[in-house]
Amino acid sequence: MKAVRASRLLFIVTLIAIFQVKYSHGQENKTATVYERLLRVEIPAKSDNETYRLIPCLKKGVILFYKSLETVDQDKVKWYFSLYDKDLQQLWTKSIGLANTLDYKDFSLDSDTLCLLFRTGDKAKDTDFNFQIIRLTFDEGLFKGNIGKFAENPEVVDFIVNRSIAYIGFNVKNEPARLVILNLQEGHQIITPLSIGSFSTLTQLHLDSANARIYAAIYKSMARIQSDFVLSVFDLMGTLISETTVSSSNPEYNLNALRFISTDPREILIAGTYGSPPVQKGSSRNLVPGESTGFFFTRVYDNQQQSISYHNFLELKNANQLIAEKNVQNLKKKSMKKDKELDEFSMDLTLLLQPLKIKDNEIILEAESFFPQYHTENFTDYDFYGRPFTNTYSVFDGYRFTNSIIAGFDKTGKLLWDNSIEIRNLLSFELNPKVTCFDKGNNIVMTYLSDGKIASKIIHQNEIIEKLDYTLVEMKYPNDKLLSETKSRMVPWYDNFFLCYGYHEIKNVALDRNNKRLVFYFNKIRFE
């Protein structure tokens, strides 16, 4: 195994013969523990449309589960669940029969129990329930279930379980967003609207169990040309305590996405993006952000919004990493030539926000830029008289992710620093975060998985400590060659360990049989 640089990626392997590898970085020698055989699990797959799912469960291990084709009675199918330990050794496999109309939606960890939310499809009719929560205990592998019913065709936004109480925030088209509170021990259920008025959309739900509060960020259309976010606070029984409007205070700016974090019962910090209003796509009840001009920062104190600050993307120190430096300079020259402020111009980025973090009294916002990608296809058809003509249509390829931006603010909304990482060759049908950021001492590591490689960059505020670098995801056999990768992700596991998983099509000419295979895989890795 090659020596690696400090703060770079190490793959964890099965504990057979431990030895020490020394490597250097500058004038400092360090030692990393490596093992002999790779920790990787492969499961043969017929296509990447199979239903394998993976949930990291901290030091309890990893749960792998999938929906099988086996039937139970007439209206149920078997779902299989397997628990793997920290060395990716399989501890047990269990199955449970669930209604064939149910699909997996989300999970929540509650102490030593994994809670999984399933709901029926939009076309399911005449059912006594339309969602089910399965509780799975790690040690015994025992299943317990709760069923319930909420509005037809809901779009689940957040699912939180704490002390056997489940909180499900969801949206319903053209109606107020709602909250289900379900006691999993007693089966009691409460459904309450999350806002006052006829129509609203939930964007974030947060449970503050220490202060017995539920916080919800709601997007409300006040008028045809005016929309605002509302921050609602409830007690744990769903009773509304307060409702605070979070507005731009400037008719030229539209707030189109936000994230919040509560620091104490009196103060909530809020950061997000401003630009074009968010929109609903197709049949979805959830919002897709509009094009953004920059970041904003504000806070709510004693149910009152305080001052708000705006930061155009063109003013970021790393703006030339988001678009070509030449384009940034041209926009700056254009603003000077027309005697206009730079904030009157825009990059028009579409961003996906991650949850806010607090580090060393700084509020850190992470956002990933993306755009929908299409390709054009043509086919020849014939009219009534047999004359050929060409039909053209667009096919959606997925969301192309391009950059991840990270920025630090103080509590007054002052932008302290910013940085970014380029996202290469990452196309996904799922609109969820792809980049993971984690602390490494005083530095931050930004990392993601794409094309069988783990990209990583180490930063300290505006500075780049180590440039963008790539590490290959280890394969099972020495001569394995990756042909294609789909639905792959890298997610935090525990401590400095991560999981890479997805589908790999692999070729190995050195094998006598099965020299080409498609597998669902997962690797355990760590950063040192």
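This briefing outlines the fold of the protein, one of its sheets, a hairpin and its cavities.

The structure is a predicted model, in which local features need pLDDT of at least 70, side-chain atom pairs count only at pLDDT 80 or more, and totals for chains, interfaces and linings use all residues. Residues are numbered from 1 along each chain as its sequence is written, and side-chain values use heavy atoms, with hydrogens and water left out. The protein contains two helices and 41 strands; these are DSSP runs numbered from the N terminus, helices being H or I of at least four residues and strands E of at least two.

**Overall composition**

- Of the 528 residues in the protein, 49% are buried, where buried means under 20% relative accessible area with a 1.4 Å probe and protein chains only.
- Among contacts with a separation of 6 or more, 50% are between residues 24 or more positions apart; a contact means heavy atoms within 4.5 Å.

**The sheet β11 to β14**

- An open sheet is built from four strands in the order β11-β12-β13-β14, with antiparallel pairing; two strands pair if DSSP finds at least two bridges between them.
- β11 (102-110) and β14 (143-148) stand at the edges with a single partner strand each, so one side of each has no neighbour in the sheet.
- From one strand to the next, the twist averages 20 degrees, with axes fitted as lines to C-alpha atoms and angles running from 0 to 180 degrees between N-to-C directions.
- Strands β12 (residues 113-120) and β13 (residues 131-137) run antiparallel and are joined by seven bridges.
- L117 has I133 in β13 as its bridge partner.

- β39 pairs with strand β40 (residues 497-507) in the antiparallel sense over 10 bridges.
- E485 has H504 in β40 as its bridge partner.
- Two residues lie between β39 and β40 in this hairpin, and D495 in the turn has a positive phi of about 50 degrees.

**Cavities**

- A search of the whole structure finds two cavities of 30 Å³ or more; a cavity is a set of points on a 1 Å grid over the protein atoms alone where a 1.4 Å probe fits but cannot get out, and lining residues have an atom within 4 Å of a point.
- The largest cavity has a volume of about 50 Å³, a volume being the space filled by probe spheres set on the points, which are joined across faces, edges and corners.
- Its lining consists of L426, P433, K434, Y448, L449, S488, R489 and M490.
- β36 (443-450) and β39 (481-494) each supply at least two residues of this lining, and the largest share, three residues, comes from β39.

Note on methods: 1 Å grid on protein atoms, 1.4 Å probe; cavity = no way out; pocket = protein on both sides within 12 Å on 5 of 7 lines; lining within 4 Å. Buried < 20%, exposed > 50% of the residue type's maximum accessible area, 1.4 Å probe, protein only.
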